[in-house]
Amino acid sequence: MDFAFSPDQEALAKRIREFTADRMAPLAAEADRTGRFRDGLFAELAAQELFALGVPTAYGGRGADSVSLGIALEELAAGDLTPCYAVLNAALIGAILDNNATAEQCRRWLPAVAAGESVLALCLTEPDHGTDAANVEMRADESGSGWTLHGVKTSTMLGAYATHGLVFARTGGAGARGVTAFFTPLDAPGITRTPLHDLGSRSGGRSTLTFDGVAVEQDNVIGGPGLGFIQVMRGFDYSRALIALMAVGAASASLREAFDHARVRETFGRPIGMYQGVAFPLVEHATALHMARLVAYEALWRKDAGLDHRKEANMAKWWAPKAAVDAAHQALLTFGHQAWSEDLPLARRLRDLIGTELGDGTAGATRLVLARQLLGRDHAP
């Protein structure tokens with residue numbers, strides 16, 4: 001049993017940590033205030049090869065292992081959680097394309113993903129369907145040599161920026177087998193983007209997208225009609241562990257600041273870290289984050305080893321965001337009145353972290369998956 005990263009992984013962590021300290025953390029508050037990513041951000045992320053990490057080398061990527069992707073996202077999230085979604089989507093949707101698209105489709109689309117020229121959005125959630133994703137209402141009608149898309153997608157992270165979306169629409173009967181995935185340019189005529197005003201991750205461009213007879217070619221279908229929902233559900237086993245590490249990275253940054261503060265802040269003539277009421281809660285949250293981190297990396301290690309990683313990924317997804325929100329909250333309380341101001345990053349991180357409890361499966365959804373795995377479908381909710 002070996003818990004150490006390889007020398008290459010340690011070098012990656014160091015490089016992304018230095019980039020984050022220089023170009024992410026100092027600029028995060030301004031992005032939150034304006035509600036927009038700064039100009040050139042995607043180019044900077046691409047220059048760090050963050051979009052290329054999960055893309056196979058045959059298509060211009062780095063072909064990195066899953067653990068390396070987790071390392072990069074954990075380090076990036078310590079500076080600013082929200083840009084991580086662009087890297088996450090490139091990895092998740094890139095993997096879906098690599099596993100399900102034709103070689104010609106991959107040659108056409110994946111090099112631009114690796115280069116950061118294509119920014120991707122996952123267009124699955126609808127106004128009346130979030131967790132119940134198999135009940136997609138958006139429809140795709142056959143039209144000549146292609147299809148036309150009609151309907152609404154919402155809660156689409158990066159919807160304001162994305163050049164392409166993996167769009168899920170109903171092409172057949174009810175249920176999961178009637179849903180097809182389309183890789184769709186989001187500058188196509190008939191698409192309207194409406195930004196949402198969010199509690200956290202305000203720069204992430206989460207949007208509602210309306211598709212009014214949007215034409216897509218037959219060659220935009222991924223994997224074949226009726227396979228879309230199955231494809232994305234398999235991908236979530238992977239992305240859930242990555243989101244867990246994003247949450248751990250952001251919350252750990254707040255905890256580190258809280259420990260530093262507890263060493264220097266004095267009350268009644270001594271540092272507040274000397275009071276059990278301050279020290280013990282921080283220790284408890286540091287322990288919870290460490291456990292969440294380990295199960296997330298175990299899930300990614302198992303994926304790299306070709307082992308079933310669904311159980312560990314879902315454990316990480318329901319546990320890590322909750323542990324991260326609680327830890328960030330305690331860090332804020334440790335600073336007291338100082339952290340109530342937006343001058344410090346603690347309030348922003350807490351707001352951003354709440355979003356990780358929702359995306360790619362809520363605690364209820366992931367615990368349901370676990371219950372069915374551990375009890376068996378005939379003995380679980």
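**Entry 1: α7 and α8**

I began with helix α7 (residues 228-264) and helix α8 (residues 276-304), whose axes come within 9 Å and cross at roughly 155°. I am working on a predicted model. The crossing angle makes α7 roughly antiparallel to α8. I noted the hand as well: α7 passes α8 in a left-handed crossing. I then sorted the residues of this contact by type and got 21 nonpolar, two polar and two charged.

**Entry 2: α9 and α10**

Next I took α9 with helix α10 (residues 346-356). Their axes are 9 Å apart, and the packing angle is about 165°. That makes α9 roughly antiparallel to α10. The crossing of α9 past α10 is left-handed.

I listed the residues that make the contact. From α9 I have Lys317, Pro321, Ala324, Val325, Ala328, His329, Ala331, Leu332 and Phe335. From α10 I have Leu346, Ala347, Leu350, Leu353, Ile354 and Thr356. By type, the contact of α9 with α10 has 12 nonpolar residues, two polar and one charged.

**Entry 3: alanine 331**

I stopped at one residue of that contact. Alanine 331 lies in helix α9. Is alanine 331 buried or exposed? Its relative accessibility is 0%, so alanine 331 counts as buried.

Which residues does alanine 331 touch, leaving aside neighbours within four places in sequence? I found Ser254, Leu255, Ala258 and Leu346. Leu346 had already turned up on the α10 side of the α9 contact. I also checked a pair distance. Alanine 331 and arginine 270 are 61 residues apart in sequence, and their C-alpha atoms are 19 Å apart in space.

**Entry 4: α9 and α11**

I stayed with α9 and moved to α11. The axes of helix α9 (residues 310-335) and helix α11 (residues 363-375) come within 9 Å, crossing at roughly 150°. That angle makes α9 roughly antiparallel to α11. I recorded a left-handed crossing for α9 passing α11.

On the α9 side, the contact is made by Arg310, Lys311, Asn314, Met315, Lys317 and Trp318. On the α11 side, I noted Ala363, Thr366, Arg367, Val369, Leu370, Gln373 and Leu374. The residues of the contact of α9 with α11 divide into six nonpolar, three polar and four charged.

**Entry 5: valine 216**

I turned from helices to a strand. Valine 216 is found in strand β7 (residues 207-217). Its relative accessible area is 4%, so valine 216 is buried.

I looked up the contacts of valine 216, not counting residues up to four places away in sequence. They are Gly146, Trp147, Leu149, Phe182 and Thr184. I also looked up a pair distance for valine 216. Glutamate 142 is 74 residues away along the chain, and the two C-alpha atoms are separated by 9.7 Å.

**Entry 6: positive phi**

I looked at two residues with positive phi. Glutamate 49 has a phi of about 65°, although it is not a glycine. Where is glutamate 49 found? Glutamate 49 is in the loop between α3 (41-47) and α4 (66-79). At 30% relative accessibility, glutamate 49 counts as partly exposed.

Serine 155 is the other entry here, with phi near 50°, a positive value in a residue other than glycine. I placed serine 155 in strand β3 (residues 146-156). Serine 155 counts as partly exposed, at 33% relative accessibility.

**Entry 7: cysteines**

How many disulfides does the structure hold? I found zero.

Cysteine 106 is in no disulfide either. The nearest cysteine sulfur to cysteine 106 is that of cysteine 123, 19 Å away. A disulfide would need the two sulfur atoms within 2.5 Å. Cysteine 106 has a relative accessibility of 2% and counts as buried.

Technical notes
Residues are numbered from 1 along each chain as its sequence is written. This is a predicted model: local features need pLDDT of at least 70, side-chain atom pairs count only at pLDDT 80 or more; totals for chains, interfaces and linings use all residues. Side-chain values use heavy atoms; hydrogens and water are left out. Axes are lines fitted to C-alpha atoms, for helices over the stretch in contact, and angles run from 0 to 180 degrees between N-to-C directions. Helices (H or I, at least four residues) and strands (E, at least two) are DSSP runs, numbered from the N terminus. Angles under 35 degrees count as roughly parallel, over 145 as roughly antiparallel, 65 to 115 as roughly perpendicular and the rest as oblique. A crossing is left-handed if the near helix is turned anticlockwise from the far one by less than a right angle, and right-handed if clockwise. Contact means heavy atoms within 4.5 Å. Ala, Val, Leu, Ile, Met, Phe, Trp, Tyr, Cys and Pro count as nonpolar, Asp, Glu, Lys and Arg as charged, and the others, Gly among them, as polar. Buried means under 20% relative accessible area, exposed over 50%, partly exposed in between (1.4 Å probe, protein chains only).
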